[in-house]
Amino acid sequence: MSAMSQHTDIRATGWVSRLPQGVRPYALLARLDRPIGTWLLWLPGIWGILLPQNADLAPLQRLRLIVLFGIGSLVMRAAGCVVNDMWDRDIDRQVSRTAGRPLACGALGMKQAVAFLAFLLLAGLAVLVQLNPLSWVLGVSSLALVAFYPLAKRLTWWPQLVMGFTFGFGAPLGYAAAAGSLSWAQAALYGATILWQLGFDTIYGFQDMEDDARIGVKSTSRLMAGHARSFIAACYAGMVLLLGVAACLAGLGGLFWPVLSLPVCLLGYQALRVNPADPALCLRQFRANREIGLAVALALLAGLWHV
């Protein structure tokens, strides 16, 4: 078995190993051992909350929304993982990186997964009702993307693009929660988020290419493996361009631009170094997008000041 097929990102040790035995499989099913997914779902929401130039939106209101979106991201990322693993349990058994997932290895059954999913969706609903009515409509509509994403790898070579639409949905939802409306600036921000997520999830998918090819699973990673650096660079360049469009349309202050240079440098460095044959590097680069996303949030925050 090659180094690529031996690689796994499941963390059954650490604080998860100290949980009661009956709770531990649910924590692993929800990916609580790997909070990076929650961050990558939360960050577009933060971007959307920080983009509107609304003088009536007090800093504490934005902070309240950011906290609510953090809770919602934790819950809905867990729900998405449950849905994904319910669809993919047979595939996961054949991929070394995912064979230890609770549904794939039999630690939990489907009835337990359905009950856990219902609990998570109720918790997500409790967060959603704290937002405005437009956010309710958007939040409910996002469930269609959550349900469709696990099917994408069976139907198209672009499941990572579908993931971008799904995980990036926090951008329009955050904007709607903060502004009470949608706009072309929000649309540009959503586009930037989709391209960002397409790029880093393609890097993430490079870890599974051998297993995916063996069992016939389609992925953008397999499709673009021979052009990895140019493809990731194109995704990230498009992301930066659309961030600039969003900033111009929203009327962000001039401080946005110098601060944006930080994530631009980080994105460029990542695109230059990406290597599909190095799964450990791919995982590190994927996780590094938390810092990239925080740097974008810092640029948007700086843009709220007009000097």
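**Exercise 1. Determine the handedness of the crossing of H3 and H4, and describe how the two helices pack.**

Step 1. The crossing of H3 and H4 is right-handed; a crossing is right-handed if the near helix is turned clockwise from the far one by less than a right angle, and left-handed if anticlockwise. Helices here are DSSP runs (H or I, at least four residues), numbered from the N terminus. The model is predicted: local features need pLDDT of at least 70, side-chain atom pairs count only at pLDDT 80 or more, and totals for chains, interfaces and linings use all residues. Residues are numbered from 1 along each chain as its sequence is written, and side-chain values use heavy atoms, with hydrogens and water left out.

Step 2. H3 and H4 pack at an angle of about 150°, and their axes are 9 Å apart. Axes are lines fitted to C-alpha atoms, for helices over the stretch in contact, and angles run from 0 to 180 degrees between N-to-C directions.

Step 3. The two helices are therefore roughly antiparallel, a term for angles over 145 degrees.

Step 4. Residues in the contact (heavy atoms within 4.5 Å) include Leu 41, Trp 42 and Ile 46 of H3 and Leu 65, Phe 69 and Leu 74 of H4. By class, the contact of H3 with H4 has 10 nonpolar, 5 polar and 2 charged residues. Ala, Val, Leu, Ile, Met, Phe, Trp, Tyr, Cys and Pro count as nonpolar, Asp, Glu, Lys and Arg as charged, and the others, Gly among them, as polar.

**Exercise 2. Describe the setting of Arg 31 and find its salt-bridge partner.**

Step 1. Arg 31 is found in the loop between helix H2 (24-29) and helix H3 (36-50). Its phi is near 60°, a positive value in a residue other than glycine.

Step 2. The side chain of Arg 31 meets that of Asp 85 in a salt bridge, 2.8 Å from N to O. The term means a side-chain nitrogen of Lys or Arg within 4 Å of a carboxyl oxygen of Asp or Glu. This pair links distant parts of the chain, as Asp 85 lies in helix H4 (residues 59-92), 54 residues from Arg 31.

Step 3. Arg 31 has a relative accessible area of 5% and Asp 85 one of 1%, so both count as buried (under 20% relative accessible area, 1.4 Å probe, protein chains only).

Conventions: Buried means under 20% relative accessible area, exposed over 50%, partly exposed in between (1.4 Å probe, protein chains only). Angles under 35 degrees count as roughly parallel, over 145 as roughly antiparallel, 65 to 115 as roughly perpendicular and the rest as oblique.
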